[in-house]
Amino acid sequence: MARVLISYYSRSGNTRKMAEKIRDGAASVDGVEVVLQKIAETGIDDMRQADGLIFGSPTYFGVMAAEVKDLIDRSVKYFGKMVGKVGGAFTSSGGIGGGNETTIASILQAWLIHGMVVQGFQKGSHYGPVAVGAPDERAEDECIRYGRQMAELTKKLF
Ligand SMILES: Cc1cc2nc3c(=O)[nH]c(=O)nc-3n(C[C@H](O)[C@H](O)[C@H](O)COP(=O)(O)O)c2cc1C
């Protein structure tokens, strides 16, 4: 069964709320096992075992938070073993132009360097779900649809 790992860092809960909606969307796809974890609970072996990885971080100075980067840095142990997995990303920022897209891009860049498959989000925020502060109805809907899209892609490939 294809395995999707949704892992997030969140200090004040906004990114966590997005992660929960993405989990709901992914879990609506039959035949996919979905795991939701905090970054602090996620080890590099969890990353290695997952077929699809969707990471969330608050926007910190326009890029992912250090906790997320640290986990990804440690995943270099499996450099060459992540090729072909599915990768996605999402973020909550403080402001509308606060660097949310660059934050998502910073995570997607790591997935590309791992040789992973990144899919754009045509019917939503194009790089991945974005919320300003806590997710509103629009962002929640986007998270659900993104989770479903990424789980469907993972199921197709694994
Ligand atoms: C260290 C730090 C850096 C931040 N940098 C930015 C930033 O560059 N742009 C922005 O829009 N918001 C920035 N914020 C605000 C957070 O991205 C925002 O509050 C987010 O919703 C927090 O998500 P969380 O509730 O999941 O922790 C920053 C917050 C902190 C604590």
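In what order do the elements of the chain run from the N terminus on? They go β-α-β-α-β-α-β-α-β-β-α. Everything here comes from a predicted model, where local features need pLDDT of at least 70, side-chain atom pairs count only at pLDDT 80 or more, and totals for chains, interfaces and linings use all residues. Residues are numbered from 1 along each chain as its sequence is written, and side-chain values use heavy atoms, with hydrogens and water left out.

**View 1. The whole chain.** Five helices and six strands make up the chain; these are DSSP runs numbered from the N terminus, with helices being H or I of at least four residues and strands E of at least two.

**View 2. Around the ligand.** The ligand has 17 residues around it, and the closest are Ser10, Ser12, Thr15, Ser92 and Gly98 (a residue counts as near if one of its heavy atoms lies within 4 Å). By class, this shell holds three nonpolar, 13 polar and one charged residue. Here Ala, Val, Leu, Ile, Met, Phe, Trp, Tyr, Cys and Pro count as nonpolar, Asp, Glu, Lys and Arg as charged, and the others, Gly among them, as polar.

**View 3. Backbone atoms at the ligand.** A polar backbone atom of Asn14 sits 2.8 Å from an oxygen atom of the ligand. For Gly94, a backbone N or O atom is 3.0 Å from a ligand oxygen, and a polar backbone atom of Gly95 also lies 3.0 Å from an oxygen atom of the ligand. The cut-off for a polar contact is a pair of N or O atoms within 3.5 Å; within protein, one must be able to donate a hydrogen and the other to accept it, and residues adjacent in sequence count only if both atoms are side-chain atoms. On its own the ligand exposes 650 Å², of which the protein buries 73% (Shrake-Rupley method, 1.4 Å probe; for residues, only the protein chains shown count as cover). Both α1 (14–27) and β4 (86–93) give two or more residues to the shell around the ligand.

**View 4. The largest pocket.** Its volume is about 220 Å³. Among the residues lining this pocket are Met64, Lys69, Phe79, Gln109 and His114. α3 (66–74) and α4 (100–113) each give two or more lining residues, and α4 gives the most, with four. A pocket is an open set of points on a 1 Å grid over the protein atoms alone, with protein on both sides within 12 Å along at least five of seven lines; lining residues have an atom within 4 Å of a point.

**View 5. The largest cavity.** This one has a volume of about 40 Å³, and a volume is the space filled by probe spheres set on points joined across faces, edges and corners. In a cavity, a 1.4 Å probe fits but cannot get out. Arg3, Val4, Leu5, Val35, Gln37, Asp46 and Ala50 form the lining, to which β1 gives the most, with three residues.
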